[in-house]
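Hi,

Here is the structure I said I would pass on. Have a look at it first, and then read my notes below.

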Amino acid sequence: YMRRLVVSDILKGLRKRKADNDEAAMNYKTVGLIGLCSGAGTTQLGIMLANYFSNGLHLKTAIVSAGFDDSFDRIKEEEQVGKVRNYAGSRQGIDFFGGVREGFVHVISEYYDVVIVEINLAGLKEKLADGLRDVMSCECRILVGSMVPWKYGECIKRLGRIRRIYSVKNMPIVSVTWQEKRARSMEREFELRAYKAPMEENPFEMRGSAIKALKQVVT
């Protein structure tokens, strides 16, 4: 009897922790993803987060590319049936918007429970502050970087440029190409929280371990 009671208490605790995590994630109306270099996996992470919010937490979700992103068009072509919608206002699936202007997120946010905004800084040369305005106004902001040797330096330089305009202290940075030493060095230099990004072959179909990793980042 005592053993059953202990197991019951543990299960209650786990359920409460899950509910607390889900509630924390549901508090975010806007989530910004900042790709520090090309090929960092920003779009992949964005889709996984959208899937988590939409199918995991049953929130009406949109994902917006603040710059031109032809991958959104390919996604909409390939994933039409049951997973991705081409239009705004659907409670089933995820709505994708690419190549939008500044302020667009504010316009559509009232129609969604969560709007994910992504931008790749590799294409922004001079107008970094302007390009970051929408994504840095999001309630939850996540940096996405690469830790492979030929891209790590580029990410560090961009972080330095961002820090001169906005505070990055305690912001999460995620990386698919995880390198422990570089991650810890980034944390020390910029006072960030580094996470290893989950990698799924199909971001529309995630394992429990990937969902758990995403929860850490957004809660």
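Before the aromatic pairs, a quick definition: rings of Phe, Tyr and Trp (its six-membered ring) count as a pair if their centres lie within 6.5 Å, with planes under 30 degrees apart called stacked, over 60 edge-to-face and the rest tilted. By that rule, the structure holds two aromatic pairs. Keep in mind that this is a predicted model.

Now for the inside. In soluble globular proteins, nonpolar side chains tend to be buried together. Here, the largest nonpolar core has 54 residues, and I34, L49, F53, I142 and M186 are those with the most contacts inside it. Helix 2 (residues 42–56) gives the most to this core, namely seven residues. Which residues does L49 touch, leaving out those up to four places away in sequence? They are V31, L33, I116, I142, L214 and V218. There is also a second, separate core of nine residues, with F97, V105, I108 and V117 among them.

Helix 2 is also the place of G46. G46 counts as buried because its relative accessibility is 0%, where the cut-off for buried is under 20%. Setting aside residues up to four places away in sequence, G46 touches L33, I63 and I116. Between G46 and G32 there are 9.0 Å from C-alpha to C-alpha, and the two are 14 residues apart in sequence.

Back to strand 4 (residues 94–97), which is covered on both faces: I94 and F96 on one side and D95 and F97 on the other are all buried. Strand 4 runs parallel to strand 2 (residues 61–65), and four bridges join the two. In one of the pairings, A62 has D95 of strand 4 as its bridge partner.

Last, the charged pairs. How many salt bridges does the structure hold? There are four salt bridges. In one of them, R158 pairs with E154, and their closest N and O atoms are 2.6 Å apart. Both lie in helix 6 (residues 149–163), four residues apart, or about one turn of the helix. R158 is buried at 11% relative accessible area, while E154 is partly exposed at 29%.

K169 forms a salt bridge with E191, where the closest N and O atoms are 3.8 Å apart. K169 is in the loop between helix 6 and strand 7 (172–175) and E191 in the loop between helix 7 (180–190) and strand 8 (193–196), so the pair ties together parts 22 residues apart in sequence.

E187 and R184 form a salt bridge as well, at 2.9 Å between the closest N and O atoms. Salt bridges link E180, R184 and E187 in a network.

Cheers

Conventions: Residues numbered from 1 in each chain as written. Predicted model: local features only at pLDDT ≥ 70, side-chain atom pairs only at ≥ 80, totals over all residues. Heavy atoms only, no water. Core = buried A, V, L, I, M, F, W, Y, C linked by side-chain atoms within 4.5 Å. Buried < 20%, exposed > 50% of the residue type's maximum accessible area, 1.4 Å probe, protein only. Contact = heavy atoms within 4.5 Å. Pairing = 2+ DSSP bridges. Salt bridge = Lys/Arg side-chain N within 4 Å of Asp/Glu carboxyl O.
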